[in-house]
Amino acid sequence: MHKWMKIAYDEAVDGMLSNEGGPFGAVITKDDKIIAKAHNKVLATNDPTSHAEVNAIRKASKELASFDLSDCTLYTTCMPCPMCLGAIFWARIKTVYYGSTELDAQKAGFDDKLFYEMLKDKNKKSILKQLNAQETSKLFDIWLKKTDREIY
């Protein structure tokens, strides 16, 4: 097993056996060194966003004092769910190596595949309902007028 994936794997096992969360682990590296490693902690924190990838991104961002992780690589034991993929994109991580797939996760009772299907099928997006678009879009006008804004 690849050395960084093995560490992600061990993180997943640690999290599972301690009942902190599901079978997911992640490692973020930079310049062939570990910046952060994490596992799923949804059960331990009662936080549905406490996925391994998100936890690793939070740790790496803190360690590097930056929201820009474009010089980093992420290793994760399973194909990232759409939420984690969004966090990966926001962190600017350019390369992600993953182990198992969303189909493997589905077999174990995780519904990642459902989210991917929902993103493809416009009829399943019925939970999204636009409200007060004209008023809330003014927030971007205020943002653009700020002289000290920092794009992230």
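Contact, as used in these exercises, means heavy atoms within 4.5 Å. The model is predicted, and local features need pLDDT of at least 70, side-chain atom pairs count only at pLDDT 80 or more, while totals for chains, interfaces and linings use all residues. Residues are numbered from 1 along each chain as its sequence is written, and side-chain values use heavy atoms, with hydrogens and water left out.

**Exercise 1. Describe the fold and the overall figures of the protein chain.**

Solution. Begin with the elements, where helices (H or I, at least four residues) and strands (E, at least two) are DSSP runs numbered from the N terminus. The protein chain has seven helices and four strands, and read from the N terminus their order is α-β-β-α-α-β-α-β-α-α-α.

Next take the extent: the C-alpha trace spans about 50 × 40 × 25 Å along its principal axes. For burial, a residue is called buried under 20% relative accessible area, exposed over 50%, and partly exposed in between (1.4 Å probe, protein chains only); on this scale 30% of the 152 residues of the protein chain count as buried.

Then turn to the contacts between residues at least 6 apart in sequence, of which 47% join residues at least 24 apart. Finally, count the charges, with Lys and Arg as positive, Asp and Glu as negative, and His and the chain ends not counted. The protein chain has 22 positive and 21 negative side chains, and the centres of the two sets lie 4 Å apart, the place of a charge being NZ of Lys, CZ of Arg, CG of Asp or CD of Glu.

**Exercise 2. Determine how the buried residues of helix 4 are arranged, and what they pack against.**

Solution. First, list the buried residues of helix 4, which covers residues 82-91: they are Cys84, Ile88 and Ala91. Seen down the helix axis, these buried residues fall within an arc of 65 degrees, so they line one face of helix 4; the arc is that of the directions from the helix axis to the C-beta atoms. As background, an α-helix has 3.6 residues a turn, so residues three or four places apart point the same way.

Second, look at the other side of helix 4, where Phe89 and Trp90 are exposed. Third, identify the partners: the buried residues of helix 4 pack against helix 3 (52-64), strand 3 (73-78) and strand 4 (95-100). Last, note that the residue following helix 4 is Arg92, whose phi is positive, near 70 degrees.

**Exercise 3. Classify the aromatic pairs Phe24–Phe110 and Tyr75–Tyr97, and place their members in the chain.**

Solution. Rings of Phe, Tyr and Trp (its six-membered ring) pair if their centres lie within 6.5 Å, and planes under 30 degrees apart count as stacked, over 60 as edge-to-face and the rest as tilted. The structure holds three aromatic pairs. In one of them, Phe24 and Phe110 are 4.9 Å apart centre to centre with 80 degrees between the planes, an edge-to-face arrangement. This pair links distant parts of the chain, 86 residues apart, with Phe24 in the loop between helix 1 (3-17) and strand 1 (25-30) and Phe110 in the loop between helix 5 (102-107) and helix 6 (112-120). Phe24 counts as buried at 12% relative accessibility, whereas Phe110, at 29%, is partly exposed.

For Tyr75 and Tyr97 the ring centres are 5.1 Å apart and the planes stand at 15 degrees, so the pair is stacked. Tyr75 lies in strand 3 and Tyr97 in strand 4, 22 residues apart. Tyr75 is buried at a relative accessible area of 10%, while Tyr97 is partly exposed at 44%.
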